[in-house]
Amino acid sequence: MANVFDYLYWRGDLTFAQAPFNEVDSLILCRLSYIRFDAVLSGDFACGITLSQAAQSCRALLEAQPSYFLYPQPEDEKLLNTLAACGRFKDILLSGYVNQTDPVQEKQFAALTAQLCPALFYIAYRGTDNTLVGWKEDFNLTFQSTIPAQREALAYLEKAAARPGSFFVGGHSKGGNLAVYASARCSLPVQNKILDVYNHDGPGFAAELLAEDCFKRICERIHTYIPQSSVVGLLLEHEERFIVIHSTGTGLMQHDLYSWEIGPHGFVPVRALTGSSQFIDRTLKQWLAETDPSIREAFIDGIYESVTTTGAKTLPELYRRKNAVQLIKSLRHLDETSRKAVIQALELLLRSARKAIPAVFKGRRGRAAAAGTQPMPEEPTEAGLPDDSVCTPQ
């Protein structure tokens, strides 16, 4: 099935003047933000280089230092080189690159700005990388009203949008959350410059934040896309509607942008979320509703404390056998307060799962009865977007 590389083969020769910016272009720039441009791009918005120059610098860097960590996924190198060879992207200017990780603040933040045309820009926020502190910051969303990366994203947008022009803002995973947060909380003059906000499978927010007027002003400009078995994109609450699209991945691997299917006119939609996605969504929302924030905080801090005792700083390091063994040992030796919090939180999570099962199966049976069929796995459709594939979160 077609993905971003097929899209670049089909449309890569068309400039943004010939074919307007769309959600697949947004997806591509979001993935570009994951590349480690630390030695290539400047943090100065006035010192941009073309994407083709950035690709050339990356190739030279790897020739000089073959072990240099540039590409989080193998496909990223192919993506950068493909973009550098196609007319649509090769001459866009990249600038304003930042990459911050702070274990003390529990912060992981990265972003870059792409100048598409003289007065048209795209601000791309990186999602969670493979650092443990990055994942810890994600989980902090369940009990903190604002996380450090959101504050950084807001400051970044205000600075990037100080120049004349119009802006698209977007991100994947946590980057999508940052894009929505910054676009909602920015000053009104900056918000008026924003054309559209793209959230690619990013988590939502606490309900009280969504009730603020600043979120309501930007809501109609937010475009949210989630795969049919989404987990991350359904976390917390969303004010905006979202579109369910087809991924060729399995389970959590659908979060991978390279697995998203693309047709001639954009993402390929599906009729609805899978039953497993609805089950996880209901379970987590029930758990968040029934669990006091202090319990969530103690639970997440307890798990993170055990993880950090292994000495691992990234997920691949944590998966090493000696670290996995150390993690199990450290979980057994949590202090009494942390251990009780972990047990209580897990008990509430299991209770929420039991409550979610009847609701999900009732919904599937109801849809099947109305159609006069047995429940079947959802399949992608090329015929357009059915009414029930544009969903408002419950």
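1. Gln228 is buried, with a relative accessible area of 9%; buried means under 20% relative accessible area, exposed over 50% and partly exposed in between, with a 1.4 Å probe and protein chains only. The residue is placed in the loop between β7 and β8. Helices (H or I, at least four residues) and strands (E, at least two) are DSSP runs, numbered from the N terminus. Apart from residues up to four places away in sequence, Gln228 touches Val244, Ile245, His246, Ser247, Gln254, Val270, Ala272, Leu273, Thr274 and Ser277, where contact means heavy atoms within 4.5 Å.

2. On the basis of the note: this is a predicted model, in which local features need pLDDT of at least 70 and side-chain atom pairs count only at pLDDT 80 or more, while totals for chains, interfaces and linings use all residues. Residues are numbered from 1 along each chain as its sequence is written, and side-chain values use heavy atoms, with hydrogens and water left out.

3. Overall composition. The secondary structure of the protein comprises 15 helices and eleven strands. Of its 394 residues, 53% are buried. Among contacts with a separation of 6 or more, 74% are between residues 24 or more positions apart. The accessible surface is about 18,000 Å², and carbon and sulfur atoms hold 57% of that surface; accessible areas come from the Shrake-Rupley method with a 1.4 Å probe, and for residues only the protein chains shown count as cover.

4. Nonpolar cores. A nonpolar core is a set of buried Ala, Val, Leu, Ile, Met, Phe, Trp, Tyr and Cys residues joined through side-chain atoms within 4.5 Å. The largest has 48 residues, and Phe37, Phe89 and Leu116 have the most contacts inside it. At least two residues of this core come from each of α1 (4–11), α2, α3, α4, β2, β3 and β4 (120–125). A second, separate core has 39 residues, including Phe143, Tyr156, Ile218 and Leu288. Which residues does Phe89 contact, leaving aside its neighbours within four places in sequence? They are Leu8, Phe16, Asp25, Ile28, Leu29, Leu51 and Leu83.

5. Helix α3. This helix (residues 51–64) has 14 residues and reaches 20 Å from its first C-alpha to its last, close to the 20 Å expected at 1.5 Å a residue; the expected span is 1.5 Å times one less than the number of residues. Leu51, Ala54, Ala55, Cys58, Leu61 and Leu62 are its buried residues. Seen down the axis of α3, they fall within an arc of 120°, so they line one face of the helix; the arc is that of the directions from the helix axis to the C-beta atoms. An α-helix has 3.6 residues a turn, so residues three or four places apart point the same way. The buried residues of α3 pack against α2 (23–32), β1 (49–50), α4 and β2, whereas Gln56, Glu63 and Ala64 are exposed on the other side.

6. Helix α6. The 13 residues of α6 (residues 148–160) should span 18 Å at 1.5 Å a residue, and the end C-alpha atoms are 18 Å apart, which agrees. Pro148, Ala149, Gln150, Ala153, Tyr156, Leu157 and Ala160 are buried in this helix.

7. Strand β5. Six of the seven residues of β5 (residues 166–172) are buried, so the strand is largely enclosed by the rest of the structure. β5 pairs with β4 in the parallel sense over six bridges, and Gly171 in β5 is the bridge partner of Tyr125. Two strands pair if DSSP finds at least two bridges between them. β5 also pairs with β6 (residues 194–200) in the parallel sense, over six bridges; Ile194 in β6 is the bridge partner of Phe167.

8. Asp76. Helix α4 covers residues 74–85. Beyond its neighbours within four places in sequence, Asp76 is in contact with Arg31, Ile35, Tyr71 and Tyr258.

9. Glu106, in the loop between β2 (93–102) and β3 (107–117), has a phi near 55°, a positive value in a residue other than glycine. Leu236 has a phi near 60°, also positive in a residue other than glycine. Leu236 lies in the loop between β7 (222–227) and β8 (242–245) and is buried, with a relative accessible area of 13%. Glu212, in the loop between α9 (207–210) and α10 (213–218), is partly exposed, with a relative accessible area of 28%. The C-alpha atoms of Glu212 and Ala184 are separated by 9.1 Å, and the two residues are 28 residues apart along the chain.
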